[in-house]
Amino acid sequence: MKVLLFVKNSPNAISTAENLYKFLKGKGIDVEKFLNEPGKTPKEKDYALTLVVGGDGTFLAGARFSAVRNIPVLGINEGKFGFLTEIDRDEAFEIIEAVLKGELRPQRRMMLSAFVENKLIGHYLNDVVLSKLSLARMVDVEVWVGQELMVKVYGDGIILSTPTGSTAYALSAGGPIVHPSLETILFVPICPHTLSNRPMLLPPTSEVMLLSTLPTFLTLDGQEGMEIKPNQVITVKKSPFYCTLYTHPKRSFFYILREKLRWGER
């Protein structure tokens with residue numbers, strides 16, 4: 001069995017990863033450490049599990065690597081927020097032990113595939129965002145679903161999100177919270193000039209195309225990005241890959257909402 005330690009480049013995360021490395025080695029498990037840095041990816045090996053040590057940003061990077069290789073992921077929080085990295089440092093050993101014994105069942109989370117001019121860019125767990133390129137100018141974006149024009153948005157941009165990503169940028173832009181077990185594509189306009197432009201949940205079979213006559217910028221999971229030229233077509237649809245992840249065995253999604261987002265508090 002091979003385990004990948006996917007580690008944030010911070011002193012606390014590196015220290016925790018070292019302790020996890022010793023713990024797993026003591027059980028006779030083949031472990032490899034990878035320090036997450038831009039432009040780098042882990043070595044290709046037959047990993048049975050990815051342990052992400054860091055924050056939600058590190059988790060997203062680890063998920064992109066692992067999902068397309070069908071490797072399940074467990075997140076240990078060494079970041080600020082810890083919405084995706086649910087496991088605290090002091091309970092990590094116990095929960096990893098349960099995972100190794102097969103006592104926990106992972107969840108499957110829908111991902112999005114993004115294309116520019118029919119060229120695949122990648123698969124993403126949170127969101128695909130098309131936004132204005134300059135500071136002051138708004139963008140005018142046509143949103144097509146299949147062969148039908150759904151809406152024209154004049155504003156700061158558009159977010160297409162998974163249910164997992166509904167509690168990230170989409171939520172800040174006024175979108176709804178969507179339970180991560182669902183499969184849907186969430187459409188959220190960013191600061192639309194027209195008040196009737198509201199968020200919408202689309203079927204998971206939808207193929208969404210975005211088109212603007214102005215230069216725009218495409219941001220993927222908040223970590224990858226590229227400039228889009230006028231009239232280039234961005235296509236977003238459900239990915240054939242899923243992120244398989246282990247969540248906290250004693251904390252539900254609603255608990256995480258209350259704990260991390262203070263959901264429902266007066």
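Colleague: Starting with a detail: which residue stands opposite S113 in β6?

Modeller: S113 stands opposite H123 in β6; bear in mind that this is a predicted model, so the pairing is read from predicted coordinates.

Colleague: And how do β5 and β6 run, parallel or antiparallel?

Modeller: Strand β6, which covers residues 119–124, runs antiparallel to β5, and five bridges join the two. They form a hairpin with two residues between the strands, in which E117 takes a positive phi near 50°.

Colleague: What about β16, how many bridges does that strand make with β5?

Modeller: There are nine bridges between β5 and β16, the latter spanning residues 234–246, and the pairing is again in the antiparallel sense. Within that pairing, Q107 of the chain stands opposite L245 in β16.

Colleague: Why call β5 largely enclosed?

Modeller: Strand β5 comprises residues 107–116, and eight of its 10 residues are buried, so the strand is largely enclosed by the rest of the structure.

Colleague: Switching to S131, where is that residue found?

Modeller: S131 is found in strand β7, which takes in residues 127–132.

Colleague: Buried or exposed, and which residues does S131 touch?

Modeller: S131 counts as buried because its relative accessibility is 17%, and the cut-off for that class is under 20%. Leaving aside residues up to four places away in sequence, S131 touches V139, D156, G157, T216 and F217.

Colleague: Zooming out, how many helices and strands does the protein have?

Modeller: The protein has five helices and 16 strands. Among contacts with a separation of 6 or more, 67% are accounted for by residues 24 or more positions apart.

Colleague: What is the radius of gyration, and what does a compact globule of 266 residues give?

Modeller: The protein has a radius of gyration of 19 Å, which agrees with the value near 18 Å that a compact globule with 266 residues would have. Along its principal axes, the C-alpha trace spans about 60 × 45 × 35 Å.

Colleague: How much of the protein counts as buried, and what does the exposed area look like?

Modeller: Of the 266 residues, 48% count as buried.

Colleague: Last one, on charges: how far apart are the mean positions of the positive and negative ones?

Modeller: The mean position of the 31 positive charges and that of the 28 negative charges are 2 Å apart in this predicted model.

Terms used:
Residues are numbered from 1 along each chain as its sequence is written. This is a predicted model: local features need pLDDT of at least 70, side-chain atom pairs count only at pLDDT 80 or more; totals for chains, interfaces and linings use all residues. Side-chain values use heavy atoms; hydrogens and water are left out. Helices (H or I, at least four residues) and strands (E, at least two) are DSSP runs, numbered from the N terminus. The radius of gyration is taken over C-alpha atoms; the globule rule is 2.2 Å times the number of residues to the power 0.38. Buried means under 20% relative accessible area, exposed over 50%, partly exposed in between (1.4 Å probe, protein chains only). Contact means heavy atoms within 4.5 Å. Lys and Arg count as positive and Asp and Glu as negative; His and the chain ends are not counted. The place of a charge is taken as NZ of Lys, CZ of Arg, CG of Asp or CD of Glu. Two strands pair if DSSP finds at least two bridges between them.
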